[in-house]
Amino acid sequence: MTGPLSKLTGRGNFFEDFTVGQRMRHARGTTVGEVEGQAVTKQVMNTAQAHWNEHFLLDSALGSGRVVFGLVTASVVIGLASQDTAENALAEIGLDGLRFTAPVHHGDTLHAYTEVLSKDDAPGHDDAGLVRFKHWGVTHDDRVVFEGERTVLVKRRSHWGDR
């Protein structure tokens, strides 16, 4: 590998770049399909009929068709936010307060939003700081389907950036 390490990541997502109260709408959305909706659900044997049986929820309060496993929804939303919030991460520290506020079905498109809740020094890490984010997942038809908080150990530009 040649050249500065920081060229491999975004320019605006070091610890110093985040501001408490900052809000982001992440650029990409993704449609949840069969692979995302079924692979993990079956790997972890989440056998709830609402996840496995296409006809189980027919015309129910949760809508028709299989419901996507909540942790798949959370993973997709956090993944969509990662380009802006984790490219300079050294470690994922915590994930708290997960809430699944509405069902996601195969074919729904998810978008991610983030707010910076706090920034703190990280004990024992002069080269990084702790950033706490709140993430939301929203469908193509503006239903909030997920929210959760995440703490990330993020590189400081002063130690990792170009000099």
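Reader: Which residues of helix 1 are buried?
Author: In this predicted model, helix 1 spans residues 34-43, and its buried residues are Gly37, Gln38 and Thr41.

Reader: Why do they line one face of the helix?
Author: Looking down the axis of helix 1, the buried residues fall within an arc of 75 degrees, so they line one face. An α-helix has 3.6 residues a turn, so residues three or four places apart point the same way.

Reader: What do those buried residues pack against?
Author: Helix 2, residues 49-52.

Reader: And which exposed residues sit on the face turned away?
Author: Val35 and Gln43. Just after helix 1 comes Met45, with a positive phi of about 55 degrees.

Reader: New topic. How many salt bridges does the structure hold?
Author: Twelve. One of them joins the side chains of Arg23 and Glu115, at 3.4 Å from N to O. That pair links distant parts of the chain: Arg23 is in strand 1 and Glu115 in strand 3, 92 residues apart.

Reader: Is Arg23 buried or exposed?
Author: Exposed, with a relative accessible area of 65%. Glu115 is buried, at 17%.

Reader: What does Asp121 form a salt bridge with?
Author: Arg156, with the closest N and O atoms 2.7 Å apart. Asp121 lies in strand 3, while Arg156 is in the loop between strand 5 and helix 4. Asp121 is exposed at 59%, and Arg156 is buried at 14%.

Reader: Which residues are linked in a network of salt bridges?
Author: Glu34, Glu54 and Arg66.

Methods. Residues are numbered from 1 along each chain as its sequence is written. This is a predicted model: local features need pLDDT of at least 70, side-chain atom pairs count only at pLDDT 80 or more; totals for chains, interfaces and linings use all residues. Side-chain values use heavy atoms; hydrogens and water are left out. Buried means under 20% relative accessible area, exposed over 50%, partly exposed in between (1.4 Å probe, protein chains only). Helices (H or I, at least four residues) and strands (E, at least two) are DSSP runs, numbered from the N terminus. The arc is that of the directions from the helix axis to the C-beta atoms. Contact means heavy atoms within 4.5 Å. A salt bridge is a side-chain nitrogen of Lys or Arg within 4 Å of a carboxyl oxygen of Asp or Glu.
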